[in-house]
Amino acid sequence: MSASSAAALAVLWPLLGAVCVALLGEKRRNLREAATLVTASSLLVLVATVILPEVQAGERPRFELLEVLPGLALAFEVEPLGMLFALVASSLWIITTVFAIGYLRGHDEQHQTRFFVCFALAIAGALGVAFAANVFTLFVFYEAITLSTYPLVTHHGTESAKRAGRVYLGILMGTSIAFLLLAMVWTYFAAGTTDFRPGGILAGKVEGSALAVLLGLYAFGTAKAALMPFHRWLPAAMVAPTPVSALLHAVAVVKAGVFTVMKIVVYIFGIDLLQTTGASTWLTWVAAFTLLSASTVALTRNNLKARLAYSTISQLSYIVLGAALANTWGVIGGSMHIAMHAVGKITLFFCAGAIYVGAHKTEISDMRGLGRQMPFTFGAFLVGSLSVIGVPPLGGSWSKWYLALSTAEADHLVMMAVLMISSLLSIGYLMPVVGRGFFATPEKAETTDHHSTPREPWLCVLPPVVTAVGCIALFFFAESIYQLLNGIILR
Amino acid sequence: MIEHLPILQILVPMLTAPLCVLSRRPLVSWGLALTATWFALATSIQLLIRVLAEGTQSYELGGWPPPWGIELRIDLVNVFVLLIVTAISSVVLTAAPRSLEKEISSDRHYLFYAAYLLCMTGLLGMTATGDAFNVFVFLEISSLSSYILISLGPTRRALHSAFQYLVMGTLGGTFVLLGVGMLYMVTGTLNIVDMGARLGDLGPNRTVLVALAVIVVGTSIKMALFPLHAWLPNAYTYAPALVTAFLAATATKVAYYMLVKFVFRVFGVELAFTALRLDAVLMPVAILAMFIASTVAIYQSDVKRILAYSSLAQIGYMVLGLSLASVTGLTGGIVHLFNHAIMKSALFLALACVVLRIGSTQLNDMRGLGRRMPLTAAAFVGAGLGLIGVPMTAGFVSKWFLVLAALESGYWPVAVLILLSSLLAVIYIWRVIEVMYFQPPPDDAAKLTEAPWSMLGPTWVLVGATFYFGISTSLTVGVASQAADLLVNGAAP
């Protein structure tokens with residue numbers, strides 16, 4: 001099979017999986033779960049063995065599906081940045097499915113079929129975003145992700161879930177229609193195309209302060225990147241079951257947002273244009289503000305998932321910062337952080353889910369001494385935390401290293417200081433969880449109910465351990481990611 | 001035969017109407033009416049093909065050549081309108097029998113079919129004719145029959161709404177007649193092409209200005225442009241569900257086309273926009289319509305009413321496209337005419353299914369419908385996404401052109417306003433979706449069966465069309481952009 005048709009197939013594949021899952025239904029739940037797993041693993045095989053070698057060899061497989069309007073086509077083109085995102089999304093989909101099976105069954109959740117169907121649809125959306133050849137295609141799949149994850153966020157159907165769903169949909173859809181769509185039409189109007197091209201398409205087409213405004217429309221229009229003040233949807237979405245928070249709010253949804261920002265900066269504006277005009281300077285400040293304030297808020301949250309949500313907001317801004325610095329290291333560091341943070345953060349969410357299923361605890365203050373009863377979960381949490389903080393020998397250290405290099409290259413010492421302070425803050429909000437788990441004395445007496453001994457299903461313990469190992473492995477294999485990203489043609 | 005198609009399209013529904021009255025049997029008259037509407041649809045497809053191949057078709061009524069005789073003039077613009085009117089009429093009528101059983105006693109069904117056909121006759125006539133007075137005649141035919149259709153509604157409030165519409169509609173018709181009279185006074189002709197040519201030579205004067213004003217007001221009443229919309233919400237809410245699906249997609253659209261025809265064909269861009277500054281009136285009004293109507297829609301508790309107010313907002317979009325007076329803007333307006341007709345009739349047909357089963361369109365009574373009538377609810381969601389303008393639906397295409405046109409003309413704030421107002425659509429559509437999917441059904445709810453296929457089929461055809469025209473735009477945008485080019489640049493008729 002040629003890589004270009006494989007790219008289109010990779011987007012369709014999860015859709016087919018969704019259909020199979022829907023047809024199998026609740027009555028054949030084991031077969032249904034098998035269908036998801038088979039789809040997910042075959043997707044990874046497809047992406048990793050058919051498309052990846054081509055992209056590594058410098059090819060850009062392209063597939064045009066249909067032309068909606070003249071110059072506005074639904075088309076796919078795989079380049080290194082999208083390749084990385086697709087690899088991350090498709091590999092973590094498998095692990096998350098395993099985790100979701102354990103979590104949903106351990107918890108006797110309702111509507112499991114709907115859950116797995118929407119999940120597959122969201123992955124299809126993520127791959128569509130990853131492989132999009134132009135802003136229009138990206139926009140289509142961006143909206144598809146929003147719509148397909150809405151039922152996941154409101155999964156419980158309770159009043160609070162509904163309210164969260166409203167915030168989720170309101171912010172994501174609202175900003176995308178009001179800003180992103182406008183930015184896209186503007187781009188089309190100015191450049192006559194919305195294609196992603198090396199070096200950008202806007203040079204000489206949009207000038208002066210209009211460039212900064214357009215960048216703003218894009219950056220705030222992709223609210224999935226959770227730049228303040230459009231970040232509220234992410235903590236709200238934490239009402240969803242933990243597997244959803246894990247994959248969608250550490251990987252597919254939020255990473256689709258920052259990926260979009262990065263891709264727009266590299267292939268629509270071009271880093272040269274941004275650097276010579278300074279149109280992205282303001283964005284570095286917004287990113288820095290988001291980065292620090294979200295970290296600070298995370299310190300104050302006692303609910304584990306809420307704390308992780310604010311940590312995500314902060315970490316996403318690292319990537320936006322990398323894009324806004326608009327130099328080679330920034331692009332590489334930011335893009336690498338997409339992968340590194342994804343693996344680290346999903347580990348943390350898995351652990352949060354395992355703690356909830358096993359011990360029914362959501363508040364950090366209730367987790368005293370829990371680590372001794374759930375050593376694997378808390379061990380994985382420790383590894384994930386260290387990776388997110390950026391301590392060697394864990395994957396997260398590389399991306400932060402390159403981002404620091406980028407601030408140095410931009411001669412922007414303030415931003416470097418911001419990165420350092422934020423790392424300190426992340427120690428402050430992640431380590432106490434581990435410390436409390438391992439070293440604090442457990443509460444006594446009142447735990448005589450049937451949950452007295454935490455028991456998490458092995459399907460919930462295995463995934464975080466696997467991703468924790470992944471964090472370590474990424475440290476040693478960062479070279480291949482670097483090589484892949486080095487293939488991005490910046491000029 | 002083939003050269004008589006323009007008149008046959010009008011005559012066949014007109015002559016079938018008395019046949020329905022003669023037959024008096026519900027099913028027989030349905031069969032007759034269905035044959036007539038589908039024939040009209042086939043005719044307009046045939047006409048479209050001919051116009052695309054050979055250019056404008058002129059048909060001389062009674063063999064009298066224009067400008068003395070009445071001319072039916074089929075060009076790219078109105079053949080497109082003919083297509084959508086006949087298509088929606090046919091699809092909606094296909095769903096009729098089961099829906100009517102619920103809302104109209106069966107001894108009056110034949111009257112419904114007769115009035116429906118006459119209304120269609122009027123609308124097709126208004127669209128096809130090339131004679132300004134003839135426009136008024138057909139306008140009255142369609143108006144009178146639509147009063148009947150609305151008054152057939154199941155509650156007594158239908159009568160009141162029909163009367164309200166009658167008063168407003170008559171006013172609108174009178175205004176149009178006044179304007180036509182003034183134009184006749186100035187130019188001495190009633191043929192639209194001839195009138196346009198003579199007005200161009202004449203230049204602006206006070207009579208022409210007044211004529212433009214009264215015609216714009218008259219057509220605005222008929223298409224319910226804010227603030228002349230008062231008749232529409234009640235008429236849509238209390239008419240039988242099927243009538244709403246039909247009128248929402250056709251009557252206001254033809255009125256919009258009437259405005260386009262008068263502004264671009266009779267007055268011309270030069271006179272209407274440069275000399276008389278029509279855009280300075282229409283653009284603010286259109287923007288107000290978009291915002292006020294959408295905001296009001298958010299606060300309604302009857303879904304039919306929500307959609308009625310949404311229609312008012314959508315008319316704002318179409319008029320906005322017109323007021324930009326550019327090829328892209330008018331393309332947006334005409335494409336939206338087509339797309340909105342499809343989406344709105346799909347939504348109203350879905351509501352007809354709801355009425356059939358639960359007998360109400362109150363938001364409160366639709367709780368839990370996602371579980372109880374999954375196919376109907378899904379159809380509503382599909383068409384609703386189109387209305388919001390989600391990409392890959394028809395609504396996105398029209399919005400794209402409107403925003404692009406606003407940018408092209410340099411009206412940046414207008415582009416922003418278009419997008420902001422479509423956020424309001426997200427809210428009012430999502431309110432319905434939330435109620436259908438996230439609220440438990442009422443405790444005393446009877447067990448429901450899904451609507452019959454005779455109604456779901458047509459609904460889903462329209463929902464499918466909503467997505468089809470969002471993906472393949474060669475028909476809609478292709479024809480509309482050529483038509484807009486013809487109208488704005490006044491290519492040789």
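Predicted model: local features only at pLDDT ≥ 70, side-chain atom pairs only at ≥ 80, totals over all residues.
Which residues of α7(A) are buried? Residues are numbered from 1 along each chain as its sequence is written, while chains are lettered from A and ligands numbered from 1 in the order in which they are written.

**Helix α7 of chain A**

Select residues 209-221 of chain A, which form helix α7; helices (H or I, at least four residues) and strands (E, at least two) are DSSP runs, numbered from the N terminus. The buried residues of α7(A) are L211(A), L214(A), L215(A), L217(A), Y218(A), A219(A), F220(A) and G221(A). A residue is buried if 20 or more other C-beta atoms lie within 10 Å of its own, exposed if 12 or fewer, and partly exposed in between, with C-beta atoms placed from the backbone. Their cover includes α6 (159-191), α9 (242-269), α10 (271-277), α11 (281-300) and α12 (304-325) of chain A. The end C-alpha atoms of α7(A) are 18 Å apart, which agrees with the 18 Å that its 13 residues should span at 1.5 Å a residue; the expected span is 1.5 Å times one less than the number of residues.

A cis peptide bond joins P229(A) to M228(A), with omega about 10°.

**A326 of chain A**

Select A326(A), in the loop between α12 and α13 (328-359) of chain A. Although A326(A) is not a glycine, its phi is positive, about 50°. A326(A) counts as buried because it has 28 C-beta neighbours inside 10 Å.

**The hairpin of chain A**

Display strands β1 (residues 62-69) and β2 (residues 72-77) of chain A, which run antiparallel and are joined by six bridges; two strands pair if DSSP finds at least two bridges between them. E64(A) has A75(A) as its bridge partner in β2(A). Two residues lie between the strands of this hairpin, and G71(A) takes a positive phi near 80°.

**The nonpolar core**

Select A89(A), V320(A) and A352(B), the residues with the most contacts inside the largest nonpolar core, which has 407 residues. Such a core is a set of buried Ala, Val, Leu, Ile, Met, Phe, Trp, Tyr and Cys residues joined through C-beta atoms within 7 Å. Around A89(A), not counting residues up to four places away in sequence, the residues touched are I123(A), A126(A), L127(A), A130(A), V251(A) and A252(A); contact requires C-beta atoms, placed from the backbone, within 7 Å.

**Chain B**

Show chain B, which has 20 helices and two strands. Its C-alpha atoms fill a box of roughly 70 × 55 × 40 Å along the principal axes, and buried residues make up 62% of its 493 residues. Of the contacts in chain B with a separation of 6 or more, 80% join residues 24 or more positions apart.

Select R24(B), in the loop between α1 (5-23) and α2 (26-54) of chain B. Its phi is near 65°, a positive value in a residue other than glycine. R24(B) is exposed, with 12 other C-beta atoms within 10 Å.

End at P227(B), in the loop between α9 (206-223) and α10 (231-238) of chain B. The peptide bond from F226(B) to P227(B) is cis, with omega near 0°.

Notes:
Contact = placed C-beta atoms within 7 Å.
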